[in-house]
Each structure stands twice: as structure tokens, then as C-alpha cells.
Amino acid sequence: MPYDVNKITRLSALKALAERAKTEFAAASALSALDAKTTGALNKKADKAATLAGYGITDAYTKAQVDGKLSAVYKPAGSIAFGSLPAPAAAVLGNVYSITDAFTTTTNFLEGAGQKHPAGTNVVVVKEGSAYKFDVLAGFVDLSSFAKTADMNAQLAKKVNAESGKRLMTDAEAAKLAGIAAGATATRVEKSSVNGNVKVNGAEIAVYALPGDVVRGGVAADNEVTEMLTAVFG
């Protein structure tokens with residue numbers, strides 16, 4: 001139905017019209033602010049890229065670095081005799097081997113050649129620079145040759161403490177001393193270079209003198225005696 005724009009209207013109708021305009025203006029302002037925020041957020045986003053660097057990420061591992069890390073993870077490779085170890089190479093990088101026999105390291109080891117390790121030692125293939133090497137991880141340490149604390153304490157309980165001016169002796173030495181009379185003094189008797197003498201406590205002592213009537217010379221044989229008797233008696 002057509003309306004006359006020249007007619008007078010009530011104030012309540014104008015108020016309703018004003019409130020509606022205010023509400024719609026507020027909604028339009030909110031949408032404008034949201035649009036501005038959305039535009040700002042979209043301006044900050046990274047464009048689609050195929051690499052981390054393309055998104056501006058500079059503190060993450062690259063694929064090659066991750067592959068390198070994964071290839072270096074230790075991988076159990078079972079037990080093996082030392083002589084059957086494979087040559088250290090990229091194909092066995094990270095493999096951990098339990099050596100079943102005692103061995104001595106070679107130049108293929110990080111620690112160098114000449115180091116001895118017992119059976120049960122674990123070795124892993126690692127990369128050092130551009131070279132591949134074996135690295136000793138752990139092994140069994142044989143402590144059977146070491147004394148236990150309890151055994152040491154038991155032996156220490158039997159010991160005699162050292163005292164100044166005293167010493168230990170054997171049973172034979174004790175028996176020998178027991179046979180010496182009380183008050184006896186030690187006498188040192190030695191061979192002398194002088195005929196008929198001995199040395200007593202370092203002094204020359206004559207113990208024998210050759211009698212003056214001793215006949216010196218050789219003793220006649222039986223045939224010599226027979227010859228003399230024949231010459232005298234015929």
C-alpha cells in the first residue's frame with residue numbers, strides 16, 4: 001500500500017528506527033574489525049612451500065640430518081666371534097655386537113690397537129669424520145682374582161702388629177734358641193788361612209802345632225823296602 005511521505009509520524013516510530021540503525025551499525029563495525037584482523041593474520045601466514053626453510057623455520061633438523069641421526073641409532077646385531085666381525089662401514093653403522101671371546105683391539109677401533117678386552121664385551125660401529133670405526137661400549141670384568149672384603153678381614157685378624165726392636169721367627173729358629181743355655185754368648189768360628197789356626201770372633205787361635213820330630217818326606221813303597229832289605233842281607 002502506498003504511503004504519504006508528507007504525513008507526520010510518531011516519536012516512538014523514529015526511536016525504533018534509530019535503535020535499529022544503531023544495532024546494524026555496531027554489527028557492521030564488528031565485521032569491519034574482524035575483517036581487518038583476518039586480513040592481518042592472512043598477511044602473516046607463510047606461503048605454501050616444500051621445505052622448512054620455505055616457511056621461515058631455521059632451527060629444525062633437515063631431512064638429511066634426521067636421516068643421519070636415525071642411521072646412528074644403536075641396533076643390536078647379536079653375538080659374534082671377534083674374528084668374524086664385519087669391516088666397519090656405512091652398511092653396518094650403529095650395529096652393536098657382543099663379542100663371544102677375549103680379544104685385542106686393532107686399528108679399526110677408536111681407542112687404537114693393543115687394548116685387551118674380555119669375552120662379553122660390546123662394540124658398536126660409529127662414524128668418526130669420514131671413517132668408520134668400532135667403539136667399545138661395555139664388557140664383563142673378571143674379578144675372580146680379587147679378594148673379598150670378608151676374606152681380607154679374616155686374614156688381617158691373624159696378623160701380628162710390628163713393634164720396634166722385635167721380629168718374627170720360624171719354629172726351627174725358636175727350637176734352636178730353646179736349646180741354648182741361659183747366659184751363653186755367641187761365638188763366631190771361621191776358617192783361617194794359617195795352617196793349624198781357626199778364627200774365633202775374628203781372632204787367630206792356634207789349635208795345632210806340628211811336632212819337631214815328625215819325619216818329613218815321602219813314604220817308601222813295598223818294593224823299595226824289599227830292595228833295601230836285599231841290599232843289606234843279601
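User: Helices are DSSP runs of H or I with at least four residues, numbered from the N terminus. In this predicted model, in which helix is Leu-229 found?
Analyst: The structure discussed here is a predicted model. Leu-229 lies within the run of residues 222-233. That run is the helix named α5.

User: Is Leu-229 buried, partly exposed or exposed?
Analyst: The relative accessibility of Leu-229 is 40%. Buried requires under 20% and exposed requires over 50%. Because 40% falls in between, Leu-229 counts as partly exposed.

User: How much accessible area does the nonpolar surface patch that includes Leu-229 have together?
Analyst: Leu-229 belongs to a nonpolar patch on the surface with Val-225, Met-228, Val-232 and Phe-233. Taken together, these residues have an accessible area of about 500 Å².

User: Which residues does Phe-109 touch, not counting residues up to four places away in sequence?
Analyst: Phe-109 is one of the residues of the largest nonpolar core. Leaving out residues up to four places away in sequence, Phe-109 touches Phe-82, Phe-103, Val-123, Lys-133, Phe-134 and Val-136.

User: Which side chain is joined to that of His-117 by a polar contact of 2.9 Å?
Analyst: His-117 is found in strand β4 (residues 116-117). With a relative accessible area of 18%, His-117 is buried, because the limit for that class is under 20%. Beyond four places in sequence, His-117 touches Ala-102, Phe-103, Thr-105, Glu-111 and Val-136. The polar contact of 2.9 Å joins the His-117 side chain to that of Glu-111.

User: How many salt bridges does a search of the whole structure find?
Analyst: Side chains of opposite charge can pair when their charged atoms come close. Glu-163 and Lys-166 form a salt bridge at 3.2 Å, N to O, and Glu-190 and Arg-188 form one at 3.5 Å, N to O. For the whole structure, the number of salt bridges found is 2.

User: What is the relative accessible area of Glu-190?
Analyst: Arg-188, which meets Glu-190 in a salt bridge, is exposed at 55%. Glu-190 is partly exposed. The relative accessible area of Glu-190 is 30%.

User: At what distance does a polar contact join the side chains of Ser-192 and Glu-204?
Analyst: Ser-192 is found in the loop between β7 (189-191) and β8 and is buried, with a relative accessible area of 10%. The Ser-192 side chain also reaches the backbone nitrogen of Val-194 at 3.0 Å. Glu-204 is among the residues that Ser-192 touches beyond four places in sequence. The polar contact between the side chains of Ser-192 and Glu-204 is 2.5 Å.

User: What is the phi of Asn-201?
Analyst: Most residues other than glycine have a negative phi. Asn-201, in the loop between β8 (197-200) and β9 (203-206), is not a glycine, yet has a positive phi. The phi of Asn-201 is about 50°.

Technical notes: Residues are numbered from 1 along each chain as its sequence is written. This is a predicted model: local features need pLDDT of at least 70, side-chain atom pairs count only at pLDDT 80 or more; totals for chains, interfaces and linings use all residues. Side-chain values use heavy atoms; hydrogens and water are left out. Helices (H or I, at least four residues) and strands (E, at least two) are DSSP runs, numbered from the N terminus. Buried means under 20% relative accessible area, exposed over 50%, partly exposed in between (1.4 Å probe, protein chains only). A polar contact is a pair of N or O atoms within 3.5 Å; within protein, one must be able to donate a hydrogen and the other to accept it, and residues adjacent in sequence count only if both atoms are side-chain atoms. Contact means heavy atoms within 4.5 Å. Patches are made of residues with over 30% relative accessible area and no salt bridge: like charges are joined within 9 Å, nonpolar side chains (Val, Leu, Ile, Met, Phe, Trp, Tyr) within 5 Å. Accessible areas come from the Shrake-Rupley method with a 1.4 Å probe; for residues, only the protein chains shown count as cover. A salt bridge is a side-chain nitrogen of Lys or Arg within 4 Å of a carboxyl oxygen of Asp or Glu. A nonpolar core is a set of buried Ala, Val, Leu, Ile, Met, Phe, Trp, Tyr and Cys residues joined through side-chain atoms within 4.5 Å.
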